Amino acid sequence: MVDQKGGLGPLYLAGFTTAFGAHGVAAALGTETENLGLAFATLGLILATYDIAEVILKPVFGTLSDRVGVKPVIVGGLLVFAAASLLGVFAASPLLLALARLAQGAAAAGFSPASSSAVARLVGPSLAGRYFGKYGSWKGLGYAGGPLLGAALITWSGLPALFLVLAGLSLVAALWTAISMPSVPVLPKHCSTLADIVKQSTAPAFLGPVLLLAVATAVLGVAVGFIPLLAARLGADPIIGMGAVSILAVISALVQPLTGRIHDSAPQRVNTLISAGAALLLAAVALLAVVPSLPVILLGAAAIGLGVGLITPLGFARLAATTPPERMGRTMGSAELGREVGDAGGPILVGLVAGAATLPLGLGALAVACAVAAAGGAIMMRAPASSADHPKGTE
């Protein structure tokens, strides 16, 4: 283990940046749907564009960070994110907006899994829950600040102002990482065959947490994009929808550090807590589908925040505790791929079903899909781990 916990500040800012970039713009698009002339399906596809790039590239960059080191991948990704955000400043059509989001997603695919790998490497498995809780909390602050700041910026000067702020923030994060983050040594690699990779990727110790993380991000992605739209359709002021998303994110940010500490001090409670988080997410989506109203929106946002706050640090800490350090980047990249499948698939599913039928039916379809995935993940989490699921040593 590299004992450099004091160097985690840049990683927290990187996590904040990717969350702000993903959900600040997504929430703004949900509010501005009618002004931009976007249909349900178009909104869902643009919301998912960021995540589609991440789905394709995160495992690639995760593996690259194992080979060249996490620091150069984080810095490079943040710099590209800044350039992509500048492209968004000049996006005057849905197509250009989608291209800007695609470029941002490609950049985030570099620095996001590398940052997760760096957290795991810097603190070691015994403290993974505590520090992934803090890392997730900073991401939660990005989710909270993104919608509110995004609403203020688009009210003041439209979407270009939001993209300009994102460009400046990611540039600052890149410089701070380059200056302050300690270098994490590249470890010798064991030659892995295709059969080894398939076995590792299908092991219950990997698939269980990833399925539950995917459920959390699917519900979160839909909530950020569609709760503001749902509130607007109920005649509420746009700030109400943005505020609901921020309530969600604040609760998630507050809960994650506590949840991470529970993982480290009472690991026997992990399965119960992560299943409870999934139940909260499913209940919230079902309520929003069946009885949409402003009180239900606020209650559902709070329940989603709590569910995400339970699942996220527990899932990542479990992965960090069962992965050898020399392939931490690949594991985190593959796990992030699973999360992004949820984050992209959730909005696409809801957007397509809502466009063909109604928004409540779209939310109902999401609830069914997430229930199936959560059940599978919970079963795998309770399966006995084999010796291959655990790291052979620590740094």
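Select the residues lining the second largest pocket, which divide into 11 nonpolar, 4 polar and no charged; here Ala, Val, Leu, Ile, Met, Phe, Trp, Tyr, Cys and Pro count as nonpolar, Asp, Glu, Lys and Arg as charged, and the others, Gly among them, as polar. This is a predicted model, in which local features need pLDDT of at least 70 and side-chain atom pairs count only at pLDDT 80 or more, while totals for chains, interfaces and linings use all residues. Residues are numbered from 1 along each chain as its sequence is written, and side-chain values use heavy atoms, with hydrogens and water left out.

To centre the view on this pocket, pick A214, A218, V341, G342 and A373, which among its 15 lining residues lie nearest the centre. (On a 1 Å grid over the protein atoms alone, a pocket is an open set of points where a 1.4 Å probe fits, with protein on both sides within 12 Å along at least five of seven lines, and lining residues have an atom within 4 Å of a point.) The elements that give two or more residues to this lining are α9 (204-233), α13 (328-356) and α14 (359-381), and the largest share, 6 residues, comes from α13. Helices are DSSP runs of H or I with at least four residues, numbered from the N terminus.

Next, colour the largest nonpolar core, a set of 102 residues in which I74, F132 and I304 touch the most other members. Such a core consists of buried Ala, Val, Leu, Ile, Met, Phe, Trp, Tyr and Cys residues joined through side-chain atoms within 4.5 Å, where buried means under 20% relative accessible area (1.4 Å probe, protein chains only). Its largest share, 17 residues, comes from α9.

Now zoom in on F132, which touches S116, V119, A120, Q256, P313, F316, A317, A320 and M332, leaving aside residues up to four places away in sequence; contact means heavy atoms within 4.5 Å.

Move on to A249 in helix α10 (residues 238-265), a residue that is buried, with a relative accessible area of 0%.

Of its 395 residues, 57% are buried.

Conventions
Buried < 20%, exposed > 50% of the residue type's maximum accessible area, 1.4 Å probe, protein only.
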